[in-house]
Amino acid sequence: FEIAGQNFGIYRLFLSIVAIVIAGVLIFGLEHTRFGARVRAAVDNQRIAQGLGINVDAVFAVTFALGCGLAGLGGALAIEMDLSPGPSTHEGGTPGFDADAVANRMAANSFLRTRWDILGNGYLGLTLANKAMVGAPALVTPPPARGGVATPPPSTGGHSEVAVVDALVPLGPNWTAQAHTAGSLAGDQTDQLQGARAGASIARTPPLGLGLDASVSWQDDDYRDELGWLTIGGHRAASGGLSHTLGIGDGRSTWAPGVYGSTRREDDLGEATELGLSQDLNLVGNHAVSAFGAWRRFAESAAAPSGGAAVRGTAEGPSAGLSYTGRMTHWLKLVGGVDGGRVLDYGALLPAQAVNASAELTLRLGGRTRFESWYQRQWYTLAQPGAPEERADRLYSRLNVQLDRHWGLRLVGSQSATTAVDGYRGQLASLLLTWLQSPGTEAYLGATWTTDDQRDHLEQQVVFAKFSKLFRL
């Protein structure tokens with residue numbers, strides 16, 4: 001049915017109403033019942049609660065059981081339905097997610113994230129995600145002339161599953177290590193792709209003195225993640241940096257010169273290498289200036305297919321950038337920057353010369369309202385004879401209003417308009433109502449709309465509801 005010119009499904013409205021009702025019941029139960037008072041007391045201070053005669057273990061057990069029940073209800077009801085999902089953006093494509101396979105269909109998305117706190121500030125996490133096409137496939141060929149049956153597309157049900165295990169381990173004062181490994185299964189009834197990726201990093205981030213970071217990552221060519229925006233195939237990458245933070249004057253200001261480098265090799269594209277110097281100046285915590293200068297080099301991969309390689313031979317050149325962040329007053333913050341140099345255009349698969357300029361304004365209007373606006377202009381020229389200079393613009397604005405401090409109610413509205421170098425013009429608008437209370441209680445009700453101004457039509461609209469409660473056992 002239609003509201004204010006927008007179409008909404010009955011099931012989506014049902015899910016939104018169920019989420020609002022459940023959130024209301026939980027709020028009432030926590031704030032106005034004896035059991036809710038026991039839960040709040042046990043969370044705030046277990047010893048005092050036990051001293052008052054509250055069976056903390058029983059309270060946590062019942063609360064955990066209630067949370068599991070709500071999680072099961074969420075899994076049964078609140079599967080996100082993605083109307084008219086776009087085709088795969090992966091450079092190699094994904095079976096079951098080409099343009100014909102997703103036309104006039106829906107996708108069901110599910111997501112589970114759990115985390116165990118370990119070793120003080122460390123954690124071990126597990127993420128499971130799934131996306132599956134549902135509904136009958138579109139007809140891509142007309143029926144035969146004499147009462148025949150139309151032929152469906154080759155793919156009738158694409159799916160994408162991803163499992164990720166990640167960990168953060170504190171190694172000592174100012175030292176942390178992170179690692180992750182992931183596996184994927186994607187495809188349709190005729191073709192299945194199994195892939196994997198992994199990565200690790202280590203960092204030392206002291207307030208003053210020597211800081212460093214190093215990371216490595218790997219991904220094979222069959223790894224797919226259709227729940228996100230994964231666009232590149234198999235690759236290996238490594239990066240690292242050193243910096244030394246020095247105190248200035250009374251120590252409230254700092255200066256941190258540094259050096260960094262990175263290399264990335266894609267199986268079917270080529271290798272990109274960058275070496276650079278950086279400078280970060282922070283003045284009394286209110287003003288920060290950052291600058292960098294680097295040399296970038298792109299080289300063709302020997303494994304790249306004939307006629308499809310991005311770079312023939314090598315392409316290299318300098319890059320540099322400068323940015324400023326200033327908190328002028330408690331209600332005004334300004335950010336600006338400019339950078340430019342040699343880049344690699346993954347759309348055209350060619351090196352290019354780019355210059356970016358951006359400005360950001362943040363205003364706090366009273367104690368409950370914050371307005372942000374961000375604008376970027378890009379000048380872009382592909383590195384080929386006779387290529388014209390292209391321009392791209394993006395304007396983003398967001399208004400954040402705190403409706404009630406006690407309940408943590410906020411209303412957030414945002415809008416962005418984009419004109420891309422390829423001529424695409426589009427807009428994205430969103431509206432979000434949030435309820436946040438510590439520790440870890442969150443509820444969201446929102447909607448987003450994406451429009452294509454070139455073709456003057458609504459590309460996608462999403463209505464969603466979410467409730468989560470963090471329990472520490």
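## Surface patch

A nonpolar patch on the surface is formed by Trp116, Ile118, Leu119, Leu124 and Val165, which together have about 450 Å² of accessible area. The model is predicted.

One of the patch members, Leu119, sits in the loop between strand E4 (106-118) and strand E5 (122-134). Leu119 has a relative accessible area of 58%. Since exposed means over 50%, Leu119 is therefore exposed.

## Overall make-up

The protein has 473 residues, of which 28% count as buried. Its secondary structure consists of 5 helices and 22 strands. Taking contacts between residues at least 6 apart in sequence, 49% join residues at least 24 apart.

## Confidence

The average pLDDT of the protein is 79, and 78% of the residues score at least 70. Confidence is highest in strand E9 (residues 209-219), at a mean of 95, and lowest in strand E2 (residues 6-7), at 44. Over residues 78-84 the pLDDT is below 50; in the model this stretch has 27 contacts beyond near neighbours in sequence.

Key:
Residues numbered from 1 in each chain as written. Predicted model: local features only at pLDDT ≥ 70, side-chain atom pairs only at ≥ 80, totals over all residues. Heavy atoms only, no water. Patch = residues over 30% accessible without salt bridge, like charges linked within 9 Å, V, L, I, M, F, W, Y side chains within 5 Å. Areas by Shrake-Rupley, 256 points an atom, 1.4 Å probe, with all protein chains shown as cover. Salt bridge = Lys/Arg side-chain N within 4 Å of Asp/Glu carboxyl O. Helix = DSSP H or I, 4+ residues; strand = E, 2+ residues; numbered from the N terminus. Buried < 20%, exposed > 50% of the residue type's maximum accessible area, 1.4 Å probe, protein only. Contact = heavy atoms within 4.5 Å. pLDDT = per-residue confidence, 0-100.
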